[in-house]
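I opened this entry to keep track of what I looked up, starting with the domains and then moving to the ligand and the sheet.

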Amino acid sequence: MSTQYDTERLRKSDAAHILHPASVVADVSNNGPARIFVEGKGAFITDTEGKKMLDGVGGLWCMNIGYGRTEIGDAMKAASDQMGYFHTFAGASNPAQIELAEKLIAKMPDHITKVFFGSSGSDANDTLMKIVWYYNGLRGKPEKRKIIARRQAYHGTTIATASLTGLASFHRNFGLPIPEVKHTSLPHYYREAGFNESEEEFSTRLARELEELILAEGPETVGAFIAEPIMGAGGVITPPKGYFAAVQAILKKHDILFICDEVVCGYGRTGHWFGHQLYDIRPDMIATAKGLTSGYFPMSAAFISDDIWKVLRDGSATLGAFAHGFTYSGHPVGSAVALANLAIIEGENLVANSAQTGAYLHAQLNDTFGNHAHIGEIRGVGLLGALQLMADRDTKTGFDLKHKIAARCAVAIGNHGVIVRPLPTADSLAFSPPLTLTLSEADQMVDAIKKGINQVMGELN
Ligand code: PLP
């Protein structure tokens, strides 16, 4: 199959015509794309040269049901043949989005009663940010606009969501963040806690720092706080004990909404349907995308509480239409894909598999790297995790980031047939394989990770 591709011609054409996302522009234009992928099955993906790799990251943390599922193609074709497209503006609808909304709301906490459909994680967060503004305007508090995110978090790349993203590279040279966005502390106990500070004390301190920021900005100007249950691209940072309870108490005290970004954690990734279930988070709004369609169709679902919805409904009398929406909101083909995707997750018990195979994978990683001189921490829950690289684990000294150890390890692991994701700011290697992962595929991941890391560390010593 792969021999039908003229890789050299494709590489040249790519380099000549495409501005790649999140890539070094000069590198791609000089060297062409790193790899050109053409087919996938289950957890495996194959390039034009016939090289097959186990995708330990599930694309960009999104391939929950595995590659090459013909059920999705069947659902897509049927929906496309039937109509293909019609919009959902001005009250128009279609049966697929109605059925999808019903199914999704049934999975949400009772107070979350409405969903808004879009096309990406960024637009879901962007939508929720605008709803915070709209809602507070309708409540007679138009100045309550600021959104607090955490340093190192990733929430998207539109103007508003790149601002929420707490990574300097997404701000530098774009004139971001916008003034409405502020950042608070990173809840990474392993690297950020003080000497002898317990997890609970660390959480209490972080909640205090959040409150200090709110008070410095003026609580009457702060509309929402946004956080992932487990911070994904920021390093797969699991929250320290008591963190969300302490944070939620502060938010409640100052009438600040909680936007829960479930774009990575949602749809089974953590061994639960949603990450907020793990940490007793009571969100006012929830952003989801990625696993909603396992990446087969660009689609997002942004959820709001009944309290917020009632304010929006009552606002119709003064504001008329809710002037927000996308051409592809509630797309009938996308909705059919999401329904087929959810049917696979449910039918194959993939949430339970994420918990079980995830527990096995973490146990194997702990066996392999528990005493490794250069692995400081093995984090994560279910099929979401990361390894923290350290120059010296005993003295808790990190590598100098300029040596790009995480990227070098990812290349070495890739040479052993497994894709993992280097997270440069966190100096970590992340994984989030398809939820279909088997025990032997988990073993294959651990074996390649071990060989790759030991090879790079051997070169350093
Ligand atoms: N939120 C989180 C937690 C993410 O990880 C991402 C993407 O990785 C986004 C939002 C943005 O999603 P998208 O790239 O679909 O816009």
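**Domains**

I looked up the spacing first: the centres of domain 1 and domain 2, taken over C-alpha atoms, are 26 Å apart. The model is predicted, so I note that local features need pLDDT of at least 70, side-chain atom pairs count only at pLDDT 80 or more, and totals for chains, interfaces and linings use all residues. Residues are numbered from 1 along each chain as its sequence is written.

Domain 1 covers 35-68 + 350-459 and domain 2 covers 71-347; the bounds come from an automatic or database domain assignment. I find 29 residues of domain 1 in contact with 27 residues of domain 2 (contact: C-beta atoms, placed from the backbone, within 7 Å). The side of domain 1 that touches domain 2 has 15 nonpolar, 12 polar and 2 charged residues (nonpolar: Ala, Val, Leu, Ile, Met, Phe, Trp, Tyr, Cys and Pro; charged: Asp, Glu, Lys and Arg; polar: the others, Gly among them).

**Ligand**

I count 15 residues around the ligand, with Ser 120, Gly 121, Ser 122, Gly 156 and Val 263 the closest (C-beta atom, placed from the backbone, within 6 Å). The shell has 6 nonpolar, 7 polar and 2 charged residues. Helix H6 (residues 121-138) gives the most to this shell, 3 residues (helices are DSSP runs of H or I, at least four residues; strands are runs of E, at least two).

**Sheet**

I traced an open, mixed sheet of 7 strands in the order S4-S10-S9-S8-S7-S5-S6 (strands pair if DSSP finds at least two bridges between them). Its edge strands are S4 (112-118) and S6 (181-184). S4 pairs with S10 (residues 300-305) in the antiparallel sense over 6 bridges, and Val 115 has Phe 303 in S10 as its bridge partner.

Conventions. Two residues are in contact if their C-beta atoms, placed from the backbone, lie within 7 Å.
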